[in-house]
Amino acid sequence: MGAFESFCDFLQMNGYAFYVWLSYGLTLVCVIALLIWSKQQRKQVEHEIKQQELIKAARKHQVQSEMSL
Amino acid sequence: MLSANQLTCIRNQRILFDDLSFKLEPSQLLYLTGPNGAGKTTLLRSLVGLQQLHQGEVQLSGVPIADCSPDILYIGHKAAVNEWLSAKQNLQHWLNLTDQVADCESLLMKVGLSGLMDIPVKFLSAGQKRRVALVKMWVSNAKLWVLDEPFTSIDIKGVEVLNTLFERHKAAGGYVIVTSHQTLPDQIVDQRLELSYRF
Amino acid sequence: MLSANQLTCIRNQRILFDDLSFKLEPSQLLYLTGPNGAGKTTLLRSLVGLQQLHQGEVQLSGVPIADCSPDILYIGHKAAVNEWLSAKQNLQHWLNLTDQVADCESLLMKVGLSGLMDIPVKFLSAGQKRRVALVKMWVSNAKLWVLDEPFTSIDIKGVEVLNTLFERHKAAGGYVIVTSHQTLPDQIVDQRLELSYRF
Amino acid sequence: MFKWLHPYAKPEKAYLVSLGIFRILMPISLIGLIVGSIWGLVFAPADYQQGDSFRIMYIHVPAAIWSMGIYMSMGIAGFCALVWQIKLMELSVIAMAPIGAVFTAVALFTGALWGKPMWGTWWVWDARLTSELILLFLYLGVFALFHSFDDKRYGAKAACILAVIGMVNVPIIHYSVEWWNTLHQGASITKFDKPSIAGEMLWPLLINIFSVMLFFIALTCYRFSTEVLRNESHRKWVLDLVNQTKKDKQA
Amino acid sequence: MSYSHFFYQMLKRDLQLAKTQKHELGLPILFFILVLILFPIAVGPEGNLLARLAPSIGWVAVILAILIALPRMFAEDYENGWLEQLFLSGYPGSLIVSARVISFWLLYCVPLVLSSFLVVPFFSFDIQLWWVMLQTLLCGSILMTCLGSVASALLVSSRKGSGVMALLIVPLLIPAIIFASAAQEAASQSLPYTSPLLILFALAIFALTIAPLATAQALKLNLG
Amino acid sequence: MSYSHFFYQMLKRDLQLAKTQKHELGLPILFFILVLILFPIAVGPEGNLLARLAPSIGWVAVILAILIALPRMFAEDYENGWLEQLFLSGYPGSLIVSARVISFWLLYCVPLVLSSFLVVPFFSFDIQLWWVMLQTLLCGSILMTCLGSVASALLVSSRKGSGVMALLIVPLLIPAIIFASAAQEAASQSLPYTSPLLILFALAIFALTIAPLATAQALKLNLG
Ligand code: HEM
Ligand SMILES: Nc1ncnc2c1ncn2[C@@H]1O[C@H](COP(=O)(O)OP(=O)(O)OP(=O)(O)O)[C@@H](O)[C@H]1O
Ligand SMILES: Nc1ncnc2c1ncn2[C@@H]1O[C@H](COP(=O)(O)OP(=O)(O)OP(=O)(O)O)[C@@H](O)[C@H]1O
Ligand SMILES: [Mg+2]
Ligand SMILES: [Mg+2]
């Protein structure tokens, strides 16, 4: 396949396997982490907005900043 | 019975009070008054054992005060509230510390913080911060309450609620010691102690 | 004349007040009340220009408030007092800042700090610290006083003195804006503004 | 001159447009990245000098190039935000910073992993490497500054100030570092350039460089739209939007 | 509440606080890395020289990074009055203090010690030697946290920054530095290096037993 | 009140404050000296090597010592509300700020720069070379104070310690370090060293003109 004789060769990268695969792997991890993190932030923001709205709705019924026993 | 015997405190070569003695029976409220700088805070702190007295000793039901910490609730000028944590977290930590179990949300509701429980205390107004500190009075099962100007920044309705809270605590057989520059209603005050400003 | 036009402030997606307008004539005192968290502090700070308003503008005798700083005296929750300097030094610096000349010692005497002028403010009691902040009112020649809970920790006599001070300032044609949870005597209040707690 | 831009300066419009760009570009860029990487990993011929280790190039070079590109665009956006007081520009600065930081980090460790077999060490204090490292800190600074403000409005402004200061300083850093280190390295990278890269090796690289750019634009748009939502969360359209997505999910 | 449960609650609070200020956590590490970078830039990029200096620079940078984080150990809780409440709670002071010391060590020192790995690529340092350095740093950081907790408690009411802190701690730390560099030296010449390491370890254990008591006393002193 | 008089009053207050906290003043120097002492202990007593490293260690130590003092530049005045009063006083923000920057430089940096003389005995450093180092440090400390004032103002409300401060300042400071070490290198080989020194000087002047404006803006941002 391609520039390599066998799949095993491909995995070994002529002795550079550690460096090549580690760099590709770490990159993949970083990029995926970035994507997930961005997604999570988005969810967080949406969650906060909903929360805010719920609180507002709740407070319309019982406006209360006073202490009680 | 809470008894203080011949308390003397000297700060900066100034005698703040000396030979001060008083006794407080259960279900009584001691209202400590005095002009600014008279030594009220100093007295309260030494009562609970946070400050060394020059002389004298304090006993709660015959036990030296240093040995009955679970029976004391002290709320001072400093609120013991971490500004970066939310009100709920702050309360939860205090509950853990004093080994109590309670529903934080409903408690904080009671001091009027509904909807503000999850934001850092830093963003609350002065009075709301103070409420986070005062919420301890709603759960505490300490017998002796020592409160240093609890009404600071609290609005008028809040002050009323606090007063009824004192009454309830008294009815349950507790002791209350309060200082404040706002007058307490006569019917809840059992003893008055006036410190004078000495130089 | 101090006029505020359609002030709006939003904190944390919460509308604290909107479309708030009022006018204050010289020799008038505006007493701002409201429960904890209503937005009094926020309003005062935006009046003097320390906080960005979302909308609206404030004018003192027709001039935008940002351009009349020498005419404003603002005393907020924070005392603008350095704890490590003595009361005298603190006052002196403030006098220098506002380009006034006065006898510090006699001024501090007036607020009851005789004998405590030369020790770091750190060692004073809560009320005495507050007095160091309030002493500015004795010297200030600002027309507009904006005071955020000036009575905090001040004893009863002190509160009376402050009230007479307000009257004196009014008599001299000044404006006073005060918030407090302790009620002001009716005779000195000319206008009342009540903020309500909105969510 | 900017008149045609005006409608897009409305947050709602900007939100929709950026989300649209994201939806279009993200798949394209991912496909490009996969094609480029597989081409580079599998089909490109081995380098006669470096053996197969040169395959790291297909991520190292795009990441390195765009780590600088992103900083420039961030600085420019920050400058516009400060000068013309454009709120949305501030948000875009915040959206870009983490992406840039990740690209820089990727360039750094792929470089290090390449350096070990090629130069025998993970790291040399060479001009280019040093300034790349400092670039990482500039990114982190912008990011940390933004997060050390409780009020995000101020945080964004402060981050813009820093981004602009940093942009001014990047050339200074670059040249000073180059000067500092002319005695030593320098040839290491260009010597690889000499046998002008074979087409088969070059194509995947070009594809990857281009797809990384698309990826950056797409992700920036996505993060930007999040920031717009956060910033405008008290507006009605945001509420409607959030509720709508909720309903979509339920349905 | 049992002591162990109390201890656990204290730790939990510290971790939660750290979580609310996430970025705070990474800062000593960042400081450490920046100090590490300053050196090659100031000294110049000579590989050999840098490798020779690596352990010393690593140690000094760790000391400085911890020194910077130390003043915050009790400051916040002292200022907002939480410390008063803790001491009023009736639990032994040394328990309270050791919870804080341990959380500090976990949150600040361990990440720092681990990130000392960066000397390997930056200074082309030998990875075997780094392993020795890691051990010395582990012991050293325990010692330092303990000493630091005492200093931090003594200074809590005086708002002194890292300066006085440094003055109190560094002289006491000098023996540790000497043993650590002895261990490093021995390791770099392939000699056995266990004995200086053991001494370091003993110092750390000794500090660990004494420090909480002293710290609790110092804090009480500052409250009254 | 005229601006110059106002400026003078501001300076006076800062000096007075420094006087009431005398020990505060010595702290950066102490820290500096401790860093200087740590190195010979950690590196070992090789005269030549130490003399070679002296300027770099001196520079790094100065940077760290200033870094430690920086967070306090505006913190106290911000917390107790004095800064609000200053901005309400109606004087231009950059005037207020530059008074503080200058007093900071006088109180903290100048003593530090002068005490860099200690490298001469400690590291058997050449006194002629120290003279060069003094000049580079003078320019460098101005640059650093300026950058630091911006960073300090940006971070004043966030209670971040020296960590973020370091992150903001150090990368921007790298050129200065490089030019300084270039000057030092040239001087040690008896070559002319004015051109890097001039560049340093230019950087410092540039920072001095920009920083007060940026700092004032940053402070205003933090107040409301
Ligand atoms: C930690 C180590 C490394 C870092 C931080 C680094 C950084 C960079 C940067 C910033 C660029 C972009 C230059 C530009 O576009 O102007 C770049 C490009 C490049 N790097 Fe690296 N690099 C590292 C190691 C290596 C190694 C070990 C090699 C191969 C032997 C290498 C080969 C290349 C090539 C071929 C380019 C693109 C061609 C060029 O722009 O000259 N790099 N690197
Ligand atoms: N740490 C201290 N060191 C020295 N003197 C102190 C210290 N704290 C308080 N004092 C002095 O003790 C006196 C009493 O202070 P204290 O705080 O007890 O007053 P207080 O009655 O609570 O007043 P306030 O009503 O203002 O709160 C003050 O006049 C002050 O000068
Ligand atoms: N920095 C801030 N960021 C976000 N929200 C804030 C901030 N400061 C105040 N708020 C919110 O604004 C509201 C009003 O605060 P403000 O301090 O103006 O109240 P106040 O009327 O002065 O109350 P108090 O009587 O307790 O002093 C509070 O409920 C608080 O939640
Ligand atoms: Mg008091
Ligand atoms: Mg208020």
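Guide: A polar side-chain atom of B:S125 lies 2.6 Å from an oxygen atom of ligand 3, a polar contact in the sense used here (a pair of N or O atoms within 3.5 Å; within protein, one must be able to donate a hydrogen and the other to accept it, and residues adjacent in sequence count only if both atoms are side-chain atoms). This is a predicted model, in which local features need pLDDT of at least 70 and side-chain atom pairs count only at pLDDT 80 or more, while totals for chains, interfaces and linings use all residues. Residues are numbered from 1 along each chain as its sequence is written, chains are lettered from A and ligands numbered from 1 in the order in which they are written, and side-chain values use heavy atoms, with hydrogens and water left out.

From chain C, a polar side-chain atom of C:T42 is 2.5 Å from an oxygen atom of ligand 3, and a polar backbone atom of C:G39 lies 2.8 Å from an oxygen atom of ligand 3. Taken alone, ligand 3 exposes 640 Å², of which the protein buries 90% (areas by the Shrake-Rupley method with a 1.4 Å probe; for residues, only the protein chains shown count as cover).

Ligand 3 lies between chains B and C, and of the 19 residues around ligand 3, those that come nearest are B:S125, B:G127, C:K40, C:T41 and C:T42, where a residue is near if one of its heavy atoms lies within 4 Å. The shell around ligand 3 divides into four nonpolar, eleven polar and four charged residues (Ala, Val, Leu, Ile, Met, Phe, Trp, Tyr, Cys and Pro count as nonpolar, Asp, Glu, Lys and Arg as charged, and the others, Gly among them, as polar). At least two residues of that shell come from each of α4 (126-134) of chain B, β2 (14-24) of chain C and α1 (40-47) of chain C, helices (H or I, at least four residues) and strands (E, at least two) being DSSP runs numbered from the N terminus.

Elsewhere, the iron atom of ligand 1 has D:H60 (NE2), at 2.1 Å, as its only protein donor (donors are N, O and S atoms within 2.8 Å of the metal, or 3.2 Å for Na, K and Ca; water is not among the atoms, so sites may look incomplete). D:H60 is placed in helix α2 (residues 57-84) of chain D.
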